[in-house]
Amino acid sequence: MRLGVKGLDKLKNKFTSYNSNKDEWAVVERAYEYALAAHAGQRRESGESYITHPLEVSIILAELELDLVTIVAGLLHDVVEDTEITLEQIEKDFGPEVALLIDGVTKLSSFEFTSKEEHQAENLRKMFLAMAKDIRVILIKLADRTHNMRTLGYLRSSKQKEISKETLEIYAPLAHRLGIYKLKSELEDHAFRYLQRDDYYRLDSMLAKKRNEREELIEEIIAILKEKLFSTGIEAEIQGRPKNLYSIYTKMKEQKKDIDEIYDLTAVRIIVDSVKDCYAALGVVHTIWKPIPGRFFDYIAMPKPNMYQSLHTTVVGAKNELVEVQIRTWEMHRTAEYGIAAHWRYKEGVKDEKEFAEKLSWLRQLLEWQQEYSDVHEFIENLKIDLFTDEVFVFTPKGDVVDLPAGAIPIDFAYRIHTDIGHRCNGAKINGRIVSLDYKLKTGDIVEIFTSKQGRPSRDWLNMVKSSQAKSKIRAWFKKERREENIVKGKELLEKELRKLKIAPHLLLKRSLLEEVEKKFSLQTEDDLYAAVGYGGITPQQVIARLREEYYKHRERPQEEIARPEVKPWKKKNGAYRGVRVEGVDNILIRFAKCCNPVPGDDIVGFVTRGRGVSVHRSDCPNLKNQNDRSRLLNVFWEENREGAYPVEIEISAIDRTNLLTEIMAVISENKVDISAVNGRTDKDGIAKIHLTLIVKNLKHLEFVMNKVKHIKSVFEVHRFFSN
């Protein structure tokens, strides 16, 4: 049998199920033969012939019922990148549309990059530019990533984790924003399996034990619903709706609950013929079972930006179990599964072009905002924020819906309406009541903005606004209007920050060092660097971290050292550490256990030592669990007015790469945390384990820093470390 014939038959069945044009199928067959010849002799890591990959990518695209051009581009998407065939040949043989899509998904390879991160950022930037021209670029890329995740088991562990992290941070959120939940769920679960294997299989096992019980409950609910809906004359299909593992896992983590405490694992979906039937079915559901207050969402009246529409309600169902019910029409169901792919202009005709363009306005806005970031790390971080952040939906006084990131304030709203309104914003009214500009908007709020003729943005707004758009516009205003002021301000901020760190400014603000840092941020002159700090485009901490790095690379005199910030020791009072109190005992010697390094905010317990007073441990310290004599344990408490700095050891797991440690140290330095010890190693799979002892104020401070480190490229786990 010829290579790929079985896969080609499968593609034909999918494609011809929605496209009966025989001439178009002939073009697909020609593209297959073309790809087969181009990839001849190439094999995947699994040992399979390479043609299996583009075939599977095209099958995924056909499942989304995409057009001829997309299917052909799916078959040929790796030809330019992996063979001798050029983009010009593709255009000649298959036309400019196919060539445009293939160019959009082809990685940059003929340029020099200073780092792997810069390469990744530029590839993403190129892909987003291509997406803005034609959304089919990202549909091909999502299909490509989905098949790669299905076959990831053949790669080495470090590569699995690297690809999975990027999938979870970029591609799954993109599928979500485009409404393609079918691919989003699959991408998340595959990435979850490779990044947190133990958690994945533990959760899978827990759900398997409950599966029969849940299936029986769903069957009972469906039977009741069918009978009631039929008796009221509503024709409907009712399905059990499985939740993907990753969504259950994130809910458990966010709510700090065990699997037994997650009540909406049971879900059903009712699909009807009309919008009128949706609301009628909702009435039936609420007459059978009691709805949970605050758990009803009408996404039909107020669709999500990715076009998702449905009614959601949670009820107390059979056996007193909470059940989530979704009600939608068949057209809404198709949109929910396939998102933007179900409504795009190439398939449905130019009559929908304007509406389609509006649905994708968030993508063009996102691209526009990201162009402001010249630093690759900042670009990727802000891209993740824009893709990940939950949303609130608010209204203009005319009733238009505006979506903003959760935590957005009236200033974000003003900039979303118009740049000039944002610049001149000086007040806001929410639901008819005047509020402060730092008021956090909630879904359903009606927002009215007040402006002044001579208004201008404040630098403080950069720390207040949530959306990338608002930050970008504010920075652009300061960059354009106040260059000279920004240069002076930027230099002052750098000098002030250096003095705070007890570093003489003349040691780091040298022309030779500044030149190197300018290159890192893609800036031309020293004044550009100072101006960027002045208008908030770059933080002083980012610049100082880079300056320190260059200083130690090119240090002229060995005796010349940069001072480290002074760390205040814990303050003692009457022989005891201030900040911790032992229940019922005063003036007793207290020390913090080095095995678990408790910090204010941790649950703690005291342990009576022999001759060294009371040792304070975290309540989950393994060393305490090994103690058989429970009579030596005491209740201890953090005092409210605790002072001092606390050492705590963390372990960072990451895929090893150039400049990894430098970037970790830079992020920690930027967040004004001192490091008292560093230790690390890399195993045979290329996984780096880095131990850092940080000096922090409390648990909240520690968690903030750990969260920042988690977002560094290649880092896939950060946790506190227990010593023996």
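Predicted model: local features only at pLDDT ≥ 70, side-chain atom pairs only at ≥ 80, totals over all residues.
Let me start at a single residue: just after helix H30, lysine 672 takes a positive phi of about 60°. Helices here are DSSP runs of H or I with at least four residues, strands are runs of E with at least two, and both are numbered from the N terminus. Helix H30 itself covers residues 660-670, and among its buried residues are Leu660, Ile664, Val667 and Ile668, where buried stands for under 20% relative accessible area, exposed for over 50%, and partly exposed for what lies in between, with a 1.4 Å probe and protein chains only. In general, an α-helix has 3.6 residues a turn, so residues three or four places apart point the same way.

Residues are numbered from 1 along each chain as its sequence is written, and side-chain values use heavy atoms, with hydrogens and water left out.

The pLDDT, which is the predictor's confidence in each residue on a scale from 0 to 100, has a mean of 79 over the protein chain, and 81% of the residues reach 70 or more. Over residues 108-115 the pLDDT is below 50, and beyond near neighbours in sequence that stretch has 8 contacts in the model, a contact being heavy atoms within 4.5 Å. The pLDDT is also below 50 over residues 563-577, a stretch with 35 contacts in the model beyond near neighbours in sequence.

As for the chain overall, its secondary structure comes to 31 helices and 23 strands, and buried residues make up 50% of its 724 residues. Of the contacts with a separation of 6 or more, 66% are between residues 24 or more positions apart. The accessible surface comes to about 35500 Å², of which 48% belongs to carbon and sulfur atoms; these areas come from the Shrake-Rupley method with a 1.4 Å probe, and for residues only the protein chains shown count as cover.

A positive phi turns up again after helix H3, which is followed by glutamate 65 with a phi near 60°. Helix H3, residues 52-63, has 12 residues and reaches 16 Å from its first C-alpha to its last, close to the 16 Å expected at 1.5 Å a residue, the expected span being 1.5 Å times one less than the number of residues. H3 is mostly covered, with 9 of its 12 residues buried, including His53, Leu55, Ile59 and Ala62.

Turning to the strands, I would look at E5, residues 311-316, which is mostly covered, since 5 of its 6 residues are buried. Two strands pair if DSSP finds at least two bridges between them. E5 runs antiparallel to strand E3 (residues 290-291), with 2 bridges joining them, and lysine 290 has valine 316 as its bridge partner in E5. Strand E4 (residues 297-298) is likewise joined to E5 by 2 bridges in the antiparallel sense, with aspartate 298 standing opposite leucine 311. E5 also pairs with strand E6 (residues 322-329), antiparallel over 6 bridges, and there the partner of valine 316 is leucine 322.

In the loop between E3 and E4 sits glycine 294, which counts as exposed because its relative accessibility is 68%. Its C-alpha atom is separated by 9.0 Å from that of threonine 313, 19 residues apart along the chain.

Further along is an open sheet of 4 strands, ordered E15-E17-E16-E18, with mixed pairing. Its edge strands are E15 (590-592) and E18 (633-634), each of which pairs on one side only. E16 (residues 604-608) and E17 (residues 614-618) pair in the antiparallel sense over 5 bridges, with glycine 606 partnered by valine 616 in E17.

Leaving aside neighbours within four places in sequence, threonine 609 is in contact with Arg591, Ser615 and Arg632.

Finally, the cysteines: with a disulfide taken as a pair of cysteine sulfur atoms within 2.5 Å, the count comes to 0. The sulfur of cysteine 596 is 3.8 Å from the closest cysteine sulfur, in cysteine 621, and therefore too far for a bond. Cysteine 596 is buried, with a relative accessible area of 1%, and cysteine 425 counts as buried at 4% relative accessibility.
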